[in-house]
Amino acid sequence: MKQNLAPTQAFTYLDEILVQHSINLLSLNPKKSLITSFAELENFIAAQTTDMQLISHLYSTLEVILDALLQNFPENIFWDFDFMVSSMLRQALLSDDGADFLEYFANKMVSLIELFGIKKEVRFRYIHDFMYGFVWAKWVQKEPHNRAHIEPFSLCFLDYLLIKGQELVHRISLDQVSFYKLCDTGFRNPFSFSREPEDEYRLLTYLAGKQLIPVAAWNWNAHPVWNKPFEEMRQQLSVKLNIQPQRH
C-alpha cells in the first residue's frame, strides 16, 4: 500500500506492484509485446486534466482494481489497461462529481472481479473476455438500438454483469449449467475449445492481428466494435488453429 506518495510517484508505484507479483506484462497490441506502463498512462491523464485531486482519486481507484485483479485472476495473460483508464477518466470528467463516480466505479469493478475470479464459485481463469470487450459485444448485439451507445466500462454495463454473475452463481449452486462444469484445471470454461494458456495466447494474438478484438484495450483512443460475429469467429478460428476441445 502506498505511503503518501507524490502524484508523480504514484503511477510508477502501480508498475512496481506488477513487478513485485512477477507478472509477465504482455500486451495484445499487435505492434508491441509489452503493455503501456502506468507511468506512461499518467502522461495521457495529465493531457486530459490538471485536477490533482481527481488524478489522486483515479490513482486510488486503479490501485484497488489492480489488487483485486492480482488476487482473483493471477493467471491472466494480457494486462492492457489503456482504454479502461481512458474510459474511467472520461466518465469521471463528465460526471457531476468525479470523485464519487470513481468510488462507485471502483466498488463495482472490485465486486465484479471477485464474483468471477478464482476465489468464488465461478472461477474463470482470465478476465480477457471482459477487458477486451467480447462479453460487451455479445450484450450489445442482443439489443443494439438500446445498447450500442453504452460503453464497455460504463456503470450500466457493470451493473448488468453483476446481476448476470449472481444468476450464474445461483445456477451453479443448483447444478443447472452443465456447460460451465469445472475443467480438469479447476477453472470453468463455457467454450467448446481449450483455453489453456498456450491456446489462449495463440487464439487472442491471432484475432488481434486480424483486428477482430471488440475492444482494443491497448489503445487509449480505442473505438469499441460490437457489430461483428466475434463469438462465432473465435470458435471457427479455434478449429483452424487446431486448438483441442476443452476437457472436463
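I began with Ile127, which, leaving aside its neighbours within four places in sequence, is in contact with Leu69, Phe73, Asn76 and Ile113, contact meaning heavy atoms within 4.5 Å. The model is a predicted one, in which local features need pLDDT of at least 70 and side-chain atom pairs count only at pLDDT 80 or more, while totals for chains, interfaces and linings use all residues. Residues are numbered from 1 along each chain as its sequence is written, and side-chain values use heavy atoms, with hydrogens and water left out.

I then placed Ile127 in the loop between H5 and H6, where helices (H or I, at least four residues) and strands (E, at least two) are DSSP runs numbered from the N terminus. Its relative accessibility is 8%, so Ile127 counts as buried; buried means under 20% relative accessible area, exposed over 50%, and partly exposed in between, with a 1.4 Å probe and protein chains only. Asn72 is 55 residues away from Ile127 along the chain, and their C-alpha atoms are separated by 9.4 Å.

In the loop between H5 and H6 I also looked up Arg123, which has a positive phi of about 60° although it is not a glycine. Most residues other than glycine have a negative phi. Arg123 is partly exposed, at 26% relative accessibility.

I found a positive phi near 60° at Gln211 too, again in a residue other than glycine. Gln211 sits in the loop between H10 and H11, and at 65% relative accessibility Gln211 is exposed.

Not counting residues up to four places away in sequence, Ala217 touches Asp80, Phe81, Asp82, Phe83, Met131 and Tyr132. For Phe83, which is 134 residues from Ala217 along the chain, the C-alpha separation is 4.8 Å.

H4 covers residues 82-94, and its 13 residues reach 19 Å from first C-alpha to last, close to the 18 Å expected at 1.5 Å a residue, the expected span being 1.5 Å times one less than the number of residues.

Last, I looked at the whole protein, whose secondary structure comes to 11 helices and zero strands. The radius of gyration is 18 Å, close to the 18 Å that the globule rule gives for 248 residues, so the protein is as compact as a globular protein of that length; the radius is taken over C-alpha atoms, and the rule is 2.2 Å times the number of residues to the power 0.38. The C-alpha atoms fill a box of roughly 50 × 35 × 35 Å, taken along the principal axes. Buried residues make up 50% of the 248 residues, and of the contacts with a separation of 6 or more, 75% are between residues 24 or more positions apart.
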